[in-house]
Amino acid sequence: KRPAGAPDKALARPIRKVGVIGAGLMASQFALLFVRRLRVPVVITDLDQARVDKGVAYIHDEIIALETKKRITSDEANRLRALVTGTTDKAQFADADWVIEAVFEELGVKQDVFAEIEKFIAPDAILATNTSSLSVEQIGAKLSHPERLVGFHFFNPVAVMPLIEVVNTPQTSDVTLSTAMVVAGKLKKNAVITRDTPGFVVNRVLAKVLGEAMHAVDTGTPFDVVSEAIAPFGLPMTPFELLELVGLKVGAHVLDTHHAAFPDRFFESTNLHRLAEHGKLLDRDAKGKIKGY
Ligand code: CAA
């Protein structure tokens, strides 16, 4: 509905508290970024206390790492730690202005998560999803106020990757979009506004590269040949290493979403699902050199 351009930043809502749904790797990484850059309370929730505790422990470890690298003082480290809380009690989200989820990449799961959290949050709270390839509009299908939902797609590793895709659905309000852009700026990320289309922009390209690389190996091209042939593109990692970084299951879901949307343009991820069941992708020799998958 709206061309990619700068929305009116004056419309943006102030963020005084952040709620994070999901305490997995992506959610924990961006929870840390929110607390570090916004300096506001960040509350994290997940299905059970064990998951919540794991996410909070990850953040505490990363705060120690920042302190050890002298990126923050020990006073700052203590302040950041004090701002992070974990809970299974959704009532703690009642005063959050910005609630973002990174739960399992499945449409029904995300729809239900948002429908449930809407019962607990303030009427003007903004909702964001870190989905990497599902339709943001469909994710908001069970919301009473879908205009408050926006896609907010981080990349792994969150601390390092400079980009966020802000996904604008036909329902996203100007206030929501503006708030997302201002939040991205405060996180010191470069935000681009994308259409709500499978894979947005980044994963559409990535799914092509990953899919083609895996298909080449699956159909008989030696693994080393594929890795070396991709080298001229100057990517910091081979597509296979990238798959390990983002997680095999996530990678398989991304490929599935693309294949479902464009069967003639993207490969199925059958082999990747098989590998994901084994829990590993790459075979390495004793020195850590990758031999294949
Ligand atoms: N988590 C947090 N920080 C990390 C990290 C991680 N997993 N990996 C590396 N870093 C940090 C390091 O701590 C280091 O930070 P400092 O400078 O503060 O010490 C910095 O990154 C550089 O690390 P290294 O020197 O060890 O390593 P490098 O120079 O080889 O870079 C890399 C590592 C940044 C991961 C680089 O290989 C890279 O950019 N890889 C490509 C990543 C990419 O394409 N990500 C997008 C994935 S797709 C996705 O996420 C979308 C999706 O929806 C599926």
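**Close-up views of a predicted model**

**View 1. Lys 188 in the loop between α6 and β8.** In this predicted model, Lys 188 sits in the loop that runs between α6 (174-186) and β8 (190-195). Its phi is near 65°, a positive value in a residue other than glycine. Lys 188 counts as exposed because it has 10 C-beta neighbours inside 10 Å, and the cut-off for exposed is 12 or fewer.

**View 2. Phe 200 in the loop between β8 and α7.** The loop between β8 and α7 (202-218) holds Phe 200. Phe 200 is not a glycine, yet its phi is positive, at about 50°. With 22 other C-beta atoms within 10 Å, Phe 200 is buried; the cut-off for buried is 20 or more.

**View 3. The cis peptide bond between Asn 156 and Pro 157.** Asn 156 and Pro 157 are joined by a cis peptide bond, with omega about -5°. Pro 157 belongs to the loop between β6 (149-153) and β7 (163-168). Asn 156 and Pro 157 are also among the closest residues to the ligand.

**View 4. The shell around the ligand.** The ligand is surrounded by 15 residues, the closest being Ser 132, Phe 155, Asn 156, Pro 157 and Pro 236. By residue class, the shell has twelve nonpolar, three polar and no charged residues. At least two residues of the shell come from each of α7, α9 (239-246) and α10 (248-261).

View 5. Domain 1 (9-195) and domain 2 (202-292) each contribute at least three residues to the shell around the ligand.

Definitions and conventions: Residues are numbered from 1 along each chain as its sequence is written. This is a predicted model: local features need pLDDT of at least 70, side-chain atom pairs count only at pLDDT 80 or more; totals for chains, interfaces and linings use all residues. Helices (H or I, at least four residues) and strands (E, at least two) are DSSP runs, numbered from the N terminus. A residue is near a molecule or strand if its C-beta atom, placed from the backbone, lies within 6 Å of it. Ala, Val, Leu, Ile, Met, Phe, Trp, Tyr, Cys and Pro count as nonpolar, Asp, Glu, Lys and Arg as charged, and the others, Gly among them, as polar. Domain bounds come from an automatic or database domain assignment.
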